[in-house]
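Subject: Structure for you to look at

Hello,

Here is the structure I said I would pass on. My notes on it follow below.

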Amino acid sequence: MRAAMLVVLLPFAALAQAPVLEISGANFRPLPLAYAAPATQDDGAKAHARELDEALQFDFSACGLFQLLDRKSFLADAKEGVTASSINFTNWTNVGAEVLVKVQLASDGDQLKGDLRLFSVNAGREELKVSESAPSKDTRRLAHKLANAVYKYFTKETGPFETHLAWTKKTAQGKDVYLSDWDGRNPVPVSVGGINTLPSIGPAGQVGFTSFKKGKPDLWLWRGGNAETLVSSGRMATGIAFSPDGKRIAYSLADGESAQIYVANADASAPRQLTNTPFFINTSPAWSPDGKRLAFVSNRGGTPQVYLMSADGGDAKRLTFQGNYNQTPDWSPRGDLIAFTARDERNAFDLFTVNVDSGKITRLTQDQGNNEEPSFSPNGRLLVFTSTRNGPSQLFVMTFDGNNQTALPVEKGTYSTPAWGK
């Protein structure tokens, strides 16, 4: 059974060798973290400090591990040093900090170097020091590297901060697909003009998506340059999903009153039909992390529900029985949960997870507009989704159990169909 992640808040004197990680949903509380404004060593560093600072603050606050303390409450002198001997830890204790992070930023030509130090406030001791570099034009990437070092220190897992999102944005001419950093920043156009939607990121960074460029929806593939048609059969092809090893794709082909799930090689060769339910819709395939099974949506039981089947075909097993309109499943990389969208009794859409083994349903969102289209982070700890709680559909992230729901810092607009990848 999946439980939330807890960093045990023992005195750091007890953590001299490494931080301790426990798993306990009942006892979880975010670790109070004070992050001081970066210290700059030269004019080049000053020019990029604000961008780095903004990215680091968002990483720490949105990942769900930390309670990022408000700088307005800080008592320490803004000119306080960055070594343990120069820090008055009492000032940090008095604002409730248990962890203190300080960063120094320096420039060298077109390179930026960031030195991050992490301190135990109670022990008054430096626990982690890490140095990272990046081109000045990739200041946010430098911030994400530093944040990942802190995340890994506490969890022993790779953080989400250097991963990528693909998403759709509505325009006056249709819908465009973009690939961005995990926080929605630095968007790169994948397919612009016309109607493009339902992106999926492959393990090698390629982006598959559905496009109406040729009239009926086809599947297209983008590898960093121009996109090319991948599946064009004359039928409606939608919902491409890459297998974890990148060797296969799954998708849905609609013909007349039915739609069926297909699996093919990554280049779309040797397609094989897995479902065969005339007059019923089967769509939205999602791979299990071991590549052996597929989750998908089918209305063969009367209403759209989530089903499981072998990636080689065979009988399908119904997984969800609650709700009368369940869709957009996404399988956690950790293997135990599938997130999905469901319509409730008030005709609002909200997000849920279902345990693959037990069938237990957990509600993640409620009473905040429509919340749809969940996608797990590569480490399985977070979900990206869309929400209309503030008006037009926006991109949000939250922990896998529904906590710390945070809007991504993207430009105004209407967003849909986000997908998370490496």
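Phe 340 and Phe 352 are both buried, where buried means under 20% relative accessible area, exposed over 50% and partly exposed in between, with a 1.4 Å probe and protein chains only. This is a predicted model, in which local features need pLDDT of at least 70 and side-chain atom pairs count only at pLDDT 80 or more, while totals for chains, interfaces and linings use all residues. Residues are numbered from 1 along each chain as its sequence is written, and side-chain values use heavy atoms, with hydrogens and water left out.

Overall form

The protein has three helices and 32 strands; these are DSSP runs numbered from the N terminus, helices being H or I of at least four residues and strands E of at least two. A compact globule of 422 residues would have a radius of gyration near 22 Å, and the 23 Å of the protein agrees with that. That radius is taken over C-alpha atoms, and the globule rule is 2.2 Å times the number of residues to the power 0.38. The C-alpha trace spans about 75 × 45 × 40 Å along its principal axes. Of the 422 residues, 54% are buried.

Aromatic pairs

The whole structure holds 17 aromatic pairs. Rings of Phe, Tyr and Trp (its six-membered ring) pair if their centres lie within 6.5 Å; planes under 30 degrees apart count as stacked, over 60 as edge-to-face and the rest as tilted. Phe 296 and Tyr 307 are a stacked pair, at 5.9 Å centre to centre with 25° between the planes. Phe 296 lies in strand β21 (residues 293–298) and Tyr 307 in strand β22 (residues 305–310), so this pair ties together parts 11 residues apart in sequence. Phe 296 is buried at 0% relative accessible area, and Tyr 307 counts as buried at 6%.

Phe 340 and Phe 352 are stacked too, with ring centres 5.9 Å apart and planes at 20°. Phe 340 is in strand β25 (residues 337–343) and Phe 352 in strand β26 (residues 349–355), 12 residues apart.

The nonpolar core

The largest nonpolar core has 46 residues, and Leu 56, Phe 60, Phe 66 and Val 101 have the most contacts inside it. Such a core is a set of buried Ala, Val, Leu, Ile, Met, Phe, Trp, Tyr and Cys residues joined through side-chain atoms within 4.5 Å. Helix α3 (residues 139–155) gives the largest share of this core, nine residues.

Phe 66 also belongs to a cluster linked by ring pairs, together with Tyr 35, Phe 60, Tyr 153 and Phe 154.

Regards
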